[in-house]
Amino acid sequence: MSILVIADHDNASIKPVTLNVLAAAKAIGGDIDVLIAGDGCGAAAEAAAKAEGVAKVLVTDNAVYGHSLAENLSLLVADLGKGYSHILTSAGTTGKDFLPRVAALLDVAQISDIIKVESADTFVRPIYAGNAVATVQSSDGIKVITVRGTGFDPVSGEGGSAPVEAIDNVQDAGISSFVGEEMAKSDRPELTAAKIIISGGRGMQNGDNFKILESVADKLGAGVGASRAAVDAGFVPNDMQVGQTGKIVAPDLYIAVGISGAIQHLAGMSGSKVIVAINKDEDAPIFSVADYGLVADLFEAVPELDAAL
Amino acid sequence: MKVLVAVKRVIDYNVKVRVKPDNSGVDLTNIKMAMNPFCEIAVEEAVRLKEKGVASEIIVVSIGPKVAQEQIRTALALGADRGILIETDEEVQSLQAAKLFKAVVDKEQPQLVILGKQAIDSDNNQTGQMLAALAGMGQGTFASEVVVEGDKVNVTREVDGGLMTVALNLPAVVTTDLRLNEPRYASLPNIMKAKKKPLEMTTPADLGVDVAASLKIVKVEEPATRSAGIKVADVAELVEKLKNEAKVI
Ligand SMILES: Cc1cc2nc3c(=O)[nH]c(=O)nc-3n(C[C@H](O)[C@H](O)[C@H](O)COP(=O)(O)OP(=O)(O)OC[C@H]3O[C@@H](n4cnc5c(N)ncnc54)[C@H](O)[C@@H]3O)c2cc1C
Ligand SMILES: Nc1ncnc2c1ncn2[C@@H]1O[C@H](COP(=O)(O)O)[C@@H](O)[C@H]1O
């Protein structure tokens, strides 16, 4: 068996989730090669070479791979991937964008968002917003898979010394181009990697009030998330949304503030180790998953919490 | 220009599913079904493009059992012009759905195909991307804004770090995210009018597509459930528990 892992990276380094994807690859078993496709991505390739269990790092460094445009990247991965039994990447928005194209080009199914490896052809994945868990078996020659990072404990990012091989394979579909981006700037930890998250919902009333959560977050070194209602109401940007259709998180501690606990929200955070809910409605469904529930007005409880830390 | 929209019949998003006792799947008997929420957004976007004079005709397509006509009729009531149901009682997986849509695209030659980003039953998030690859088209996935300009479409996408805008040659595929628009409700007169709009019936065999799946569902289980913990009396008790019992701060 041979596995190709397409790394998430920002050219300078690999994203932590790549180490979780490598753990999934390790669970399948076999030689693991990592592909770094980017523009000026030499440093990311060096970082990938240090990760545990990597046989070889392939680098394609070219402007056509600069913004991970799915049309170009999928041609590259389908081409290189032909020689492998498994192709894996994380179920982030980049992987979800290009990997189904790869599967279609190879005429195989994609297995989305796996949380467990049963064997080389059998995988476990949540369906129906996590209200059911399916075990699926693939009869395809090449298994194309996105991995939910929170399902796998990361391998070590240090200690390896895999060879790095530059590959000259330029695929430009010529049908799409990058126009611009608006990336959220934050010094707080990324939600999918944060150990502690404090999230606010519609109960926060406005964006300004998120400051009281940020103050707690700063004391705890936490990330700040939100429910869809808070994002839709324009309190905070979309990249903060936790849930079925937002980010899937599993921190050690998740504090839900003014969030009712709709199934679509629970789908994104019920894998957290410890859940705290602060809500003034004692019947809010969030309390049915919370380890510690506090029935209180958040505008009193959160400042008190801040003061107590 | 012609716009093709894919709408899937799924369990209503408010319903909590139950796994069947024999673990063969989820129980859908007597369960409320509805249009996939992301497909409602796709229909709405197409209708807005028509209202702006960008789209000339909206065709809705669904793959599913005969009753999926209901979801097509809903889309027709919201403003689509005609429907196509690819009738099958099989559980069609994403690659096969993409092949069926590709066959319809070849026939209808739309300039824009709009799908939901994900069906809330399978949570696959694949079909639009697969269709785009099979048709050799560009794709704007997880769209929060769609602007057609000449022979290009600019799509703003909701990505993990924020927003990213791409320009795609037409024809192209767009998959919708939640904040693209807020779908309208169908008015009673429009629901009546929709009954008279054309709805073509076809089958995978007619379209020359084999819908046999390569993924087998071995079993479906209930997720590990969390039991509710305790209620704390005040912030002081909460902090004490987090420090000394859970040891997470
Ligand atoms: C297809 C689809 C996908 C979706 N995906 C997601 C997703 O990814 N993530 C997501 O979060 N949602 C998602 N949703 C939306 C979801 O169904 C809920 O509408 C949403 O999660 C509700 O957000 P909320 O809990 O903040 O708001 P509400 O349900 O309005 O709850 C607000 C809560 O705040 C409490 N509150 C108000 N004031 C105070 C106060 N002063 N002090 C204490 N508590 C207070 C109230 O008691 C209430 O419980 C999706 C929906 C659909 C249809
Ligand atoms: N059986 C189907 N009928 C109609 N549309 C579908 C079907 N399956 C997938 N789609 C479309 O593809 C989108 C993504 O589905 P999926 O890739 O299964 O998550 C849906 O929102 C629909 O627009």
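## A close look at ligand 2

Let's start with one contact: an oxygen atom of ligand 2 sits 2.8 Å from a backbone N or O atom of Gln126(B). That is a polar contact, meaning a pair of N or O atoms within 3.5 Å; within protein, one must be able to donate a hydrogen and the other to accept it, and residues adjacent in sequence count only if both atoms are side-chain atoms. Taken alone, ligand 2 exposes 480 Å², and the protein buries 97% of that (accessible areas come from the Shrake-Rupley method with a 1.4 Å probe, and for residues only the protein chains shown count as cover).

The side chain of Asn36(B) brings an N or O atom to 3.0 Å from an oxygen atom of the ligand, while Asn124(B) uses a backbone N or O atom, 3.5 Å from a ligand oxygen. In total, 18 residues surround ligand 2, and the closest are Ile63(B), Ala119(B), Asn125(B), Gln126(B) and Thr127(B). To count as near, a residue needs a heavy atom within 4 Å of the molecule.

## How to read the model

This is a predicted model, where local features need pLDDT of at least 70, side-chain atom pairs count only at pLDDT 80 or more, and totals for chains, interfaces and linings use all residues. Residues are numbered from 1 along each chain as its sequence is written, chains are lettered from A and ligands numbered from 1 in the order in which they are written, and side-chain values use heavy atoms, with hydrogens and water left out.

## Ligand 1, a shared site

Which chains surround ligand 1? Residues from both A and B do, so the site is shared between chains. There are 29 residues around ligand 1, with Arg202(A), Ser227(A), Thr245(A), Ser260(A) and Asn279(A) the closest.

One from Arg202(A) lies 2.6 Å from an oxygen atom of the ligand. For Gln264(A), the distance from a side-chain N or O atom to a ligand oxygen is 2.7 Å, and a polar side-chain atom of Asn279(A) also lies 2.7 Å from an oxygen of ligand 1. On its own ligand 1 exposes 990 Å², of which the protein buries 86%.

## Where the two chains meet

The size of an interface is often given as the accessible area lost when the parts come together. Here, chains A and B bury about 6,500 Å² between them, with 55% of it on carbon and sulfur atoms. That buried area is what two parts lose on being put together (1.4 Å probe), summed over both. On the chain B side, Asp160(B), Arg179(B) and Arg226(B) lose the most area to chain A, together 11% of what that side buries.

The contact (heavy atoms within 4.5 Å) takes 83 residues from chain A and 76 from chain B. Between the chains there are 49 residue pairs in polar contact, both at pLDDT 80 or more. There are also 4 salt bridges, each a side-chain nitrogen of Lys or Arg within 4 Å of a carboxyl oxygen of Asp or Glu. In one salt bridge, Lys99(B) meets Asp107(A) at 2.7 Å, N to O.

## Two domains in chain A

Chain A splits into domain 1 (2–166) and domain 2 (191–308), with bounds from an automatic or database domain assignment. Their C-alpha centres lie 30 Å apart. Between them they bury about 520 Å², 63% of it from carbon and sulfur atoms. Ala129(A), Arg148(A) and Thr150(A) supply 74% of the area that domain 1 buries against domain 2, more than any other three residues.

The domain contact pairs 5 residues of domain 1 with 7 of domain 2. The salt bridge count between these domains is 0.
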